[in-house]
Amino acid sequence: MKRIHFCMLVFLGLVGGVFGEMVEDFDGSSLVASWWGGDSTPPYVYTLGFANTQHVHSGSASLRVDFNKANDVNLYSFLSAGGYFNLRNYDYLSFWVYNTGTPLRIKVRLEQVGSPTNAWETDWAAIYPALTTTQADWENICVDLTRAFFGHSHGDIDMTRIGQIMLIVEPGDGAKSGTFWIDDVMVTRAPNGAPLDPFESDSYGWSAGGVFTNPALPVLTTEHFQNSGGPADLGQRSLKIVWTNKSAGYDNFIYTPCHDTNAPAGRIGTYTNFTLYSNTLISLWVKSTTDNHFPILLKLTGSKGTNDLNVYPQYYDGGG
Ligand SMILES: [Ca+2]
């Protein structure tokens, strides 16, 4: 019996693509009108230290945040980037966080300008942003904004008129305290400047057949992931695939680009024209801890299962 598993990240690359837009780098490039804490009475939950140089992800400065949840009267106080943001055209919101390695959760809430009850929160889409390692290091928090397509389409929130990008640290907790740093708050858009799927929140659009139909798999995992650490890189997870006893057949994984009826045409969820915006490259990151040589065949199929295009097998030649 041979057991093979590998983890993969998928993205479509583009020659000359735009990476996205920097919301705040704490070095002078900022679209934020004001950062503020959501509690009005001392002692405060959050103490913000701007132009901090102790730990920086880019440039020479970041935002230091000291928090004490014992001061949080409703357990959901927030710090927020206030302004006027059009997030409708972006697929991912990401920011980098440095802490000591202590587990830290940060829920993100978006509120509409002038109408704060029109909102969207990450946990409403089963997205629970958190730091994943126990080391003192920079980690990338990534929020899939396409999960707000439903809310926008149904009038729950107007993603073109966002007034607050709110961070709720350790939501629901009334005891934890600590210090962390934030840097490089960005928005990016797939497929030109961001992965088509970084596998951070879910595997919507993916299905499997043959030996890959084990109901427990595939799974999203933090065991391995691809993120080179740049301001625009995304996430701390990947898709883990495990199989046993595979014969020399064509069992496969399938990504359906048209799987979200709430998505605007040309966006994740209804992205059917792979040549849109002059894309010339499809790229896939793969890592295996068990095998160092196996083929992967990419097949593009038309909407009716016709007009297939087989791409010559590419070989994983890594290892470890
Ligand atoms: Ca910075």
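1. I157 is found in the loop between α1 (149-153) and β11; helices (H or I, at least four residues) and strands (E, at least two) are DSSP runs, numbered from the N terminus. This is a predicted model, in which local features need pLDDT of at least 70 and side-chain atom pairs count only at pLDDT 80 or more, while totals for chains, interfaces and linings use all residues. Residues are numbered from 1 along each chain as its sequence is written.

2. I157 counts as buried because it has 21 C-beta neighbours inside 10 Å. The cut-offs are 20 or more other C-beta atoms within 10 Å for buried, 12 or fewer for exposed, and partly exposed in between, with C-beta atoms placed from the backbone.

3. Leaving aside neighbours within four places in sequence, the contacts of I157 include L110, Q112, W120 and H152. Two residues are in contact if their C-beta atoms, placed from the backbone, lie within 7 Å. The C-alpha atoms of I157 and P116 are separated by 9.3 Å, and these residues are 41 residues apart along the chain.

4. The secondary structure of the protein comes to 1 helix and 19 strands. Of contacts between residues at least 6 apart in sequence, 75% join residues at least 24 apart.

5. The domain assignment gives domain 1 (3-16 + 193-316) and domain 2 (21-188); such bounds come from an automatic or database domain assignment. The contact between them takes 19 residues from domain 1 and 19 residues from domain 2. On the side of domain 1 that touches domain 2, the residues divide into 7 nonpolar, 8 polar and 4 charged. Here Ala, Val, Leu, Ile, Met, Phe, Trp, Tyr, Cys and Pro count as nonpolar, Asp, Glu, Lys and Arg as charged, and the others, Gly among them, as polar. The C-alpha centres of domain 1 and domain 2 lie 29 Å apart.

6. Which residues of the largest nonpolar core touch the most other members? They are Y92, V97 and L167, in a core of 53 residues. A nonpolar core is a set of buried Ala, Val, Leu, Ile, Met, Phe, Trp, Tyr and Cys residues joined through C-beta atoms within 7 Å. Strands that each supply at least two residues of this core include β7 (92-99) and β11 (162-169). Domain 1 and domain 2 both give residues to this core, so it lies between them.

7. Not counting residues up to four places away in sequence, L167 touches F78, L79, I106 and V108. Across the protein, buried residues make up 34% of the 320 residues.
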